[in-house]
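Hi everyone, thanks for having me. I'll walk you through one structure today, so let's get it up on the screen.

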Amino acid sequence: MQHIKRQEALLILRDPNDAEDVIQQSFMKLIPCTENITEDKPGMTCNFLKTVVRNLSRDFLRRRMYLNSNEDSIDTLEDDHNFLKCRL
C-alpha cells in the first residue's frame with residue numbers, strides 16, 4: 001500500500017525525499033482514524049490514504065511554488081517541511 005502512495009506523491013512532487021515526507025505525514029493523519037478501520041473495508045482505508053497523499057502533495061507543491069515566486073522571502077524552501085508538520 002505504501003508503494004502505491006509513494007508513486008502518487010512522486011507523480012506530483014517529482015522528488016523522492018519530498019514524497020517520503022508526504023507519505024509519513026499521510027500515515028500520521030491515518031492514526032486518529034484507526035478505530036474506524038476494519039478488515040472488511042480495506043478499500044476505504046486505501047482510498048482515504050490515497051486522497052490524503054494526493055492533497056498533501058498538492059499543498060506541498062503549491063506552497064513551494066508560492067515561495068519560489070516570492071524570492072524576496074527570507075525563509076523560502078526551508079519552510080516546506082515545517083509546513084507539512086502544521087498540516088496535521
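This is a predicted model: local features need pLDDT of at least 70, side-chain atom pairs count only at pLDDT 80 or more; totals for chains, interfaces and linings use all residues.

Why can we talk about empty space at all? Well, rolling a probe the size of a water molecule over the atoms shows where space is left over.

So which residues line the largest pocket? Here they are: Leu-30, Cys-33, Asn-36, Ile-37, Thr-38, Lys-41, Met-44, Thr-45 and Phe-48. If you sort that lining by residue type, you get five nonpolar, three polar and one charged. And which element gives the most to the lining? That's helix 3, residues 42-69, with three residues.

Okay, now zoom out to the whole chain. You'll find four helices and zero strands, and reading along the sequence gives you the pattern α-α-α-α. The chain has 88 residues, and 28% of them are buried. Its accessible surface is about 6,100 Å², with 52% of that belonging to carbon and sulfur atoms. Now take the contacts between residues at least 6 apart in sequence: 54% of these join residues at least 24 apart.

Let me pick out two residues. The first stop is Glu-8, which sits in helix 1, residues 2-13. Buried or exposed, what would you say for Glu-8? Glu-8 counts as buried because its relative accessible area is 17%, and the cut-off for buried is under 20%. Leaving aside residues up to four places away in sequence, Glu-8 touches Lys-50, Val-53 and Arg-54.

The next stop is Arg-14, in the loop between helix 1 and helix 2. Arg-14 has a relative accessibility of 67%, so we call Arg-14 exposed; the cut-off there is over 50%. Now look across to Leu-61. Arg-14 and Leu-61 are 47 residues apart in sequence, yet from C-alpha to C-alpha the gap in space is 9.7 Å.

Last thing: how far can we trust the picture? The mean pLDDT of the chain is 76, and 72% of the residues reach 70 or more. Which helix has the highest mean pLDDT among the elements, and which the lowest? Helix 2, residues 16-30, has the highest at 88, while helix 4, residues 79-86, has the lowest at 58.

Terms used
Residues are numbered from 1 along each chain as its sequence is written. Side-chain values use heavy atoms; hydrogens and water are left out. On a 1 Å grid over the protein atoms alone, a cavity is a set of points where a 1.4 Å probe fits but cannot get out, and a pocket is an open set with protein on both sides within 12 Å along at least five of seven lines; lining residues have an atom within 4 Å of a point. Helices (H or I, at least four residues) and strands (E, at least two) are DSSP runs, numbered from the N terminus. Ala, Val, Leu, Ile, Met, Phe, Trp, Tyr, Cys and Pro count as nonpolar, Asp, Glu, Lys and Arg as charged, and the others, Gly among them, as polar. pLDDT is the predictor's confidence in each residue, from 0 to 100. Buried means under 20% relative accessible area, exposed over 50%, partly exposed in between (1.4 Å probe, protein chains only). Contact means heavy atoms within 4.5 Å. Accessible areas come from the Shrake-Rupley method with a 1.4 Å probe; for residues, only the protein chains shown count as cover.
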